[in-house]
Amino acid sequence: MKRQVDSLWLPYAQMKTVAPPYRVVRAEGVKLYLDDGTVVIDGISSWWCVIHGYNHPVLNNAVHEQLTKFAHVMLGGLVNDPAINLAETLVRITPKGLNHVFFGDSGSVGVEIALKMAIQFWRNQGIYQKSRFVSLRLGYHGDTTGAMSVSDDDEGMHRLFKGTILPQYFVDAPGGNNIDSEECQVSLCQLEELLKSNNTEIAAVILEPVFQGAGGFRFYPPEYLFHVRRLCDEYGVLLIFDEVATGFGRTGALFAADLANVTPDIMVLSKALTGGYFGLSATIATSRVYESFLGDDPELAFMHGPTFMGNAVACAVALASINLIETENYLSKIKIIEQILKQEIQGLEGASLCDARVLGAIGVLEFESPSNLVGFREFALSRGVWLRPYSKWLYTMPPYVISEEDLRRVTGVMKEWVLHQGHK
């Protein structure tokens with residue numbers, strides 16, 4: 001049953017006209033149980049974070065065990081074992097050289113931390129002009145002010161705020177199947193020209209590696225990252241990877257950076273970090289970045305400190321989530337998901353359908369216009385599937401534990417909609 005709740009302000013929604021939301025009363029595995037008895041397969045992992053499905057006994061147990069000790073202590077002068085252990089684990093599994101972890105509350109906050117860290121890195125060395133960033137067009141890095149400033153201000157969802165937040169530099173997004181594509185070459189040329197002309201004021205380049213999410217569900221060649229790393233080194237700027245969406249296997253590798261064997265100066269993780277149980281982010285820096293904050297002057301210290309950073313329960317469930325990924329060979333599960341998605345939707349053709357593409361556990365159908373997806377959510381729900389199109393993109397990013405049968409039900413609904421469009 002859909003229920004309008006006036007006191008609850010929903011995200012990305014015009015509250016005057018938005019349809020009443022569906023009420024979830026229970027969730028198990030990849031299934032959501034609604035209050036009217038409807039059961040649906042969650043094909044987007046609750047905005048890409050619930051990678052182990054819902055109500056997972058291992059994650060539930062990790063939460064329970066930590067709660068019997070304590071839920072949270074401040075990291076100001078105190079510390080807790082889950083936070084220490086998670087930091088050590090993240091250093092072990094992320095690209096070599098990322099050695100120091102700063103926790104936050106969400107992906108947006110993690111990006112804010114990365115931006116502040118990059119600016120203060122230079123200021124701690126007496127270089128005050130480096131305070132701006134280069135980002136990719138069609139990029140999305142979060143909803144807070146700094147994160148909005150490095151998200152696409154022309155095409156993105158934050159274009160309303162253009163002119164009210166700090167202006168940044170942008171280069172065209174890469175694309176194509178290989179580094180020699182026109183899109184990649186144009187992007188790299190623009191980036192080099194920007195860095196050559198403005199490196200005295202640029203603190204860092206920030207990008208979503210290999211997969212741009214909310215800006216258009218776009219893939220680009222991993223080799224692009226190698227060339228960006230080279231340019232950043234040549235012109236003396238830092239490189240930040242926003243792996244909020246790509247981290248923990250979504251692109252087929254544990255981290256998208258692994259696809260290019262590139263280590264950024266700073267990496268941001270969130271979403272799947274806790275398996276969707278709690279908001280938590282990790283901003284991880286190299287020793288070079290970290291050591292710039294060390295010294296006898298107190299003002300060299302990093303001036304940031306979220307109240308709930310290193311929350312013990314969130315860190316405990318994150319550790320359990322990573323252990324599941326490693327011990328149950330999740331990368332092989334993702335490979336099977338990728339194979340099925342390629343069989344089912346890659347290369348699909350139909351009226352109003354512009355492209356069908358797959359990478360890892362991501363499947364995307366791009367239509368000509370948002371109008372081509374009007375009514376899809378209810379169409380899918382009536383067939384027992386929960387998918388939430390964004391603009392002109394219909395996508396699935398399922399939990400990694402999804403069965404082949406359930407995944408084919410998800411893709412079946414997507415294909416049926418393409419056929420439905422052709423009959424209009």
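Modeller: Let's start with Asn329, which sits in the loop between α9 and α10 (330-344). Helices here are DSSP runs of H or I with at least four residues and strands are E runs of at least two, numbered from the N terminus. Keep in mind that this is a predicted model, where local features need pLDDT of at least 70 and side-chain atom pairs count only at pLDDT 80 or more, while totals for chains, interfaces and linings use all residues. Residues are numbered from 1 along each chain as its sequence is written, and side-chain values use heavy atoms, leaving out hydrogens and water.

Colleague: What phi does Asn329 have?

Modeller: Most residues other than glycine have a negative phi. Asn329 isn't a glycine, yet its phi is positive, about 50°. Ser391 is another non-glycine with a positive phi, about 55°, and you'll find Ser391 in the loop between β15 (385-386) and β16 (393-396).

Colleague: How exposed is Asn329?

Modeller: We go by relative accessible area: under 20% is buried, over 50% is exposed, and in between is partly exposed (1.4 Å probe, protein chains only). Asn329 has 44%, so Asn329 is partly exposed. Ser391 is partly exposed too, with 34%.

Colleague: At what angle do α2 and α9 pack?

Modeller: Axes are lines fitted to C-alpha atoms, over the stretch in contact for helices, and angles run from 0 to 180 degrees between N-to-C directions. Helix α2 (residues 57-67) and helix α9 (residues 312-327) come out at about 150°, their axes 9 Å apart. That's why α2 is roughly antiparallel to α9 (under 35 degrees is roughly parallel, over 145 roughly antiparallel, 65 to 115 roughly perpendicular, and the rest oblique).

Colleague: Which kinds of residue make up that contact of α2 with α9?

Modeller: Contact means heavy atoms within 4.5 Å. In α2, residues including Val58, Leu59 and Ala62 meet α9 residues, among them Ala316 and Leu324. The contact divides into 11 nonpolar, 2 polar and no charged residues (Ala, Val, Leu, Ile, Met, Phe, Trp, Tyr, Cys and Pro are nonpolar; Asp, Glu, Lys and Arg charged; the others, Gly among them, polar).

Colleague: And at what angle does α3 pack with α9?

Modeller: Helix α3 (residues 81-93) packs with α9 at about 35°, with axes 8 Å apart. Residues in α3 such as Leu86 and Arg92 meet α9 residues including Leu319 and Glu326. That contact of α3 with α9 has 11 nonpolar, 2 polar and 2 charged residues.
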